[in-house]
Amino acid sequence: MKRIVRAPAKLNLGLDAPFVHPDGSIEWRMVMTSIGLSDHIQINATSSHSAIRILSNSGFLPNDRRNLAYQAARLFFDQVGFKVGLEISIEKKIPVAAGLGGGSSDAAAVLRGLNDMFQTGLSFEELAKIGIQVDSDVPYCVYSRTALVSGRGETVTPLPKLPKMWFVLAKPHVSVSTPKILKQLATTAVTHPPIDELLAGIENEDYDRIVAHIGNSLEGITTASHPQINTLKSRLIEYGADGSQMSGSGPTVFGICRTESRAHRVYNSISGFCNEAYISQPECDSYPVI
């Protein structure tokens, strides 16, 4: 018995952190979308009672309990009340620690795959409740479609499909510690992007309004330590993107283009400046809501 599941990367079109709770957890208000750049997850049931084995083509991923896919599988079986041995093979295509939600999407893909594999009939809402115990991005990645994400990440409100657009991604050769970035939110003044205007642009399928109101509250914190992120943003605009910003806590930035031909020109230009560059489209309705 096996399943093969795709795990799409996510982009933050809008990321706001209105406040930090006394316990240090963060209140989010984010507009997220999923793109074609994806990891591929193969889940195999094994005869090894309750043992979970993680395999990957990436040397950067832990293959033990630290792996988010491992954690998701264990929590899933705790929820449904039975134990099965698993081998989870992760073919990484999403850059690791890049602000693209690769680990969270892998975990969400495992939840979806196990739900289908064992016909347990859990809704996306129920899978998201399991996922929030793994990471704040997992509930969104369960849905993997354009959505407003709020609270601590547990509230996912699907949005209409984005108008036609292309994304060009560029990851600088730097490492960013998400926990360190988030820790600074409590003591750093940040900008708050116009999430309502961004939502209005999506509701009205207005490309120009969407591009005009993207924003990321974490960008100022991350770029203070890694100014090359701003350099990449500027180059994406210089090469023809209509808008550009950082995704998540970084360091990956993306440019938005209206047409495929423009996106390829931007991609070809940025590829000469950045080793890790990608071109992709939104995948808004890959996983319809159950």
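This is a predicted model: local features need pLDDT of at least 70, side-chain atom pairs count only at pLDDT 80 or more; totals for chains, interfaces and linings use all residues.
Local features were considered at pLDDT of at least 70 and side-chain atom pairs at pLDDT 80 or more, whereas totals for chains, interfaces and linings use all residues. Residues are numbered from 1 along each chain as its sequence is written, and side-chain values rest on heavy atoms, without hydrogens and water.

Most residues other than glycine have a negative phi, and most peptide bonds are trans. The bond from Gly250 to Pro251 is cis, with omega near 10°, and Pro251 lies in the loop between β9 (243-246) and β10 (253-257), where strands are DSSP runs of E of at least two residues and helices are runs of H or I of at least four, numbered from the N terminus. Positive phi values occur at Ala97, about 55°, and at Ser144, about 50°.

The structure holds six aromatic pairs, defined for rings of Phe, Tyr and Trp (its six-membered ring) with centres within 6.5 Å, and called stacked under 30 degrees between planes, edge-to-face over 60 and tilted for the rest. Among them, Phe76 and Phe77 are edge-to-face, with centres 5.7 Å apart and planes at 75°, and both residues are buried. Phe167 and Phe254 also form an edge-to-face pair, at 5.8 Å and 90°; because Phe167 lies in β7 (residues 166-171) and Phe254 in β10, this pair ties together parts 87 residues apart in sequence.

Notes
Buried means under 20% relative accessible area, exposed over 50%, partly exposed in between (1.4 Å probe, protein chains only).
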